[in-house]
Amino acid sequence: SHEHCHKNLRQSHFNPGPSCLGYPVSIFFIVVNEFCERFSYYGMKAVLVLYFKYFIGWDNDLSTTIYHTFVALCYLTPILGAIIADSWLGKFKTIVYLSIVYTIGQVIMAISAIHDITDTNRDGTPDNMTFHTAMSMLGLMLIALGTGGIKPCVAAFGGDQFEEHQEKQRSTFFSIFYLSINAGSLLSTLITPILRAQECGIYSKQSCFPLAFGVPAALMVVALIVFIAGHSMYIMESPKGNILLRSNCVSNRFNHRSQQHPKREHWMDWAEEKYDKLLIAQVKMVLKVLFLYIPLPMFWALFDQQGSRWTLQATTMDGNFGAFIIQPDQMQIVNPILIVIMVPIMDSAVYPLIKKCHINFTPLRRMTVGMLLAALAFVAAALLQIQIDQTMPNFPSSSQIQVKFLNLENTSVPVEVEGQEPFAVPGFDSSNDYMTLDTENITVSAGGKNATAYFQKSTRHTVLINTDGMLQTLNDITEKPNQGMNAIRFVNGFRSHLNFTIKSDNLGPIAPLQGSGYLSVPHGKANFTIVNEEGQTCHYILQLGFGSSYTVLIPSTFSFGESCTENIKAIQDIEPNGIHMAWQVIQYFLMTCGEVVFSVTGLDFSYAQAPSNMKSVLQAGWLLTVAVGNIIVLIVAEAGSLPDQWAEYVLFASLLVAVSIIFAVMAYFYTYMDPMEIEAKFMDLEPEEKKRKELGMTTKDNLAYVNNETSNNTDDKQTKI
């Protein structure tokens, strides 16, 4: 209302914009901008790995490597944006210019995903994949430069909109700011996979990656327009120069390393001959905080595995929640949902309660607790992984093969494998489980006839047999189907060719006594249509869970008609996922609690402890810890020395506990600063400092000068000196 919305004048060198309920109106534009930009970034990132794998055609390892390299690059470029903002353009212009670069990158990504551009033969597959790969890499580089470059500037620019006495409002702003990040992440993670699942195209219909990338590009345009619209209301400080580009204290210290030069209290003091003490004090403040940042990447090394390791873990779980189905890659949405819930609870309930209990819960203590909660989340993930491993099939090792037998006849067939106990395979059924062997050559006696088969190591096979002996060997999958899908194949034991279809997928005609390849089928009721050469049809429904594999046998007794499905036999090769995905909520909850007390606090701490002309750089330093964390994940993932995934989770948890102890010790000896108060003191001393430098006085001369001034001036002057 008009009563609450008014204009105030800040008691400083600039005038604030309009305010409402104690908050600058300008932060509305900043928060909306951040929401749209985060929607754009997370929306694009949500489908990026699938784009690499299914559109570009890279394998899982290369797709994962490029994905994490891109994320790391997004968090390495903030230091460049911070230097540009502090030394050259200022925060506002930096945000605008790099947002334009960002938008161009998103548009290029959307164009790179249009398969019709190079699909000259209109078969649905691009004919010039080099073009699409090059375009996508160019787009990703521009996106990394844009999103990384504006990251430290937006948060710091929002903090600039508050007056000195609005510390509480500024802290609340950072919470709302972080809330907008996760709101954008929440909606985009939900929406863009749905857009990708649509089919689109000019000549042929494929997964709609252009739409999945195009909507984030449109949101980036909106973000840019909204931010520029608030131009007249912003408080914009001119760039004051970047300290990192101006300090030469290291070379100066090297030049004065001999014993004839007296030691100085801090190594930055060697820059006194060239720079004023205010600048040196500002550098000291920044370095003091940056030193604290050294242990922080380990937190992000764990946190960022939500999109990789935890998603892979979810592919081995059951995502049926009754009223709705959660796909493995959608489970990441739990984090932003919990963030939206937890941030207000922590600000309005938990922190005030802790304060009432007279507990000094300082920012650095909060961050330590956040790191320990993240470690606890990985302990929960390890315990869950142990339960999952107990339900997983035992696939062959690098020196083994696995074989099972499928009987196409309605009578039992005796089977003997060299070196193994003889057994019988029931009619129209398979042997109970896979037989694990340590040899590549096996001699099989089936139905009284002998045959020798050669198999590659680390493979699985199903041998089709009947009363005449071994007929054919089928290659079985040696891992759980990806993304909770189900692998279904058919074996035709019927006397004529059969065609199998489900929706638009067609296995083609399968000859008698032959097997088909695998179809990837989602959870739920799978309705297969079986058609013979005369056009007769049979509809067969198979209820599927997550991550299972079936071989569907059409026996010789099969016949078309109303009861056509009675004799069809579905043989389970891999059991569906037995552990429910809801168990992951525990580790997501612990990680989210850790994120709230670590990341939100860290953003505010970085701003509050930064000198006026280095806020963007310190924000960039904070974001740089995220990049280093991603690099840690890449190193550990590439090394891959641990055989069990649960052991890797425990390793990461142990490392973070050790690092959090080190951080707690560092935090104990840290003294909180008031940068504005320190800067004010040095500004009072600046006139005398300049006068001494103009006279070319040495350090000893300075001391004599100060003593002389002290004896000749008033008490007030003495106090000032």
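A: Take the link of Cys200 and Cys208. The torsion about its S-S bond is about 105 degrees, so this disulfide is right-handed. The sulfur atoms of Cys200 and Cys208 are 2.0 Å apart. A disulfide here is a pair of cysteine sulfur atoms within 2.5 Å.

A word on the basis. This is a predicted model, in which local features need pLDDT of at least 70 and side-chain atom pairs count only at pLDDT 80 or more, while totals for chains, interfaces and linings use all residues. Residues are numbered from 1 along each chain as its sequence is written, and side-chain values use heavy atoms, with hydrogens and water left out.

How exposed or buried are the two partners? Cys200 is partly exposed, because its relative accessible area is 21%. Cys208 has a relative accessible area of 4%, so Cys208 is buried. The cut-offs are these: buried is under 20% relative accessible area, exposed is over 50%, and partly exposed lies in between (1.4 Å probe, protein chains only).

How many disulfides does a search of the whole structure find? It finds two. The other pair is Cys538 and Cys564, again with sulfur atoms 2.0 Å apart. This link is right-handed, with 85 degrees about the S-S bond. Cys538 sits in strand β20 (residues 537-544), and Cys564 sits in the loop between β21 (549-554) and β22 (569-574), so the pair ties together parts that are 26 residues apart in sequence. Strands (E, at least two residues) and helices (H or I, at least four) are DSSP runs, numbered from the N terminus.

Both ends of this link can be classed. Cys538 has 1% relative accessibility, so it counts as buried. Cys564 has 5%, so it counts as buried too. With the bonded cysteines numbered in sequence order, the pairing reads 1-2, 3-4.

Two further cysteines can be classed by accessibility. Cys36 is buried, because its relative accessible area is 6%. Cys593 counts as buried, because its relative accessibility is 12%.

What does the neighbourhood of Cys538 include? Ile530 touches it. Ile530 belongs to strand β19 (residues 524-532). Its relative accessible area is 0%, so Ile530 is buried. Beyond residues up to four places away in sequence, the contacts of Ile530 include Leu498, Asn499, Phe500, Gln536, Thr537, Tyr540, Ile554, Phe560 and Ile568 as well as Cys538. Contact means heavy atoms within 4.5 Å. Ile530 and Asn499 are 31 residues apart in sequence, yet their C-alpha atoms are 5.7 Å apart.

Elsewhere, four strands form an open sheet, in the order β8-β7-β10-β11, with antiparallel pairing. Its edge strands are β8 (423-425) and β11 (449-454), each pairing on one side only. From one strand to the next, the twist averages 30 degrees. Such angles run from 0 to 180 degrees between N-to-C directions; axes are lines fitted to C-alpha atoms, for helices over the stretch in contact. Strand β10 (residues 441-446) pairs with β11 over six bridges, in the antiparallel sense. Two strands pair if DSSP finds at least two bridges between them. Val444 stands opposite Ala451 in β11.

Ala667 lies in helix α17 (residues 645-668). Ala667 is buried, because its relative accessible area is 15%. Setting aside neighbours within four places in sequence, Ala667 contacts Leu292 and Leu364. Ala667 and Leu292 are 375 residues apart along the chain, with their C-alpha atoms separated by 7.4 Å.
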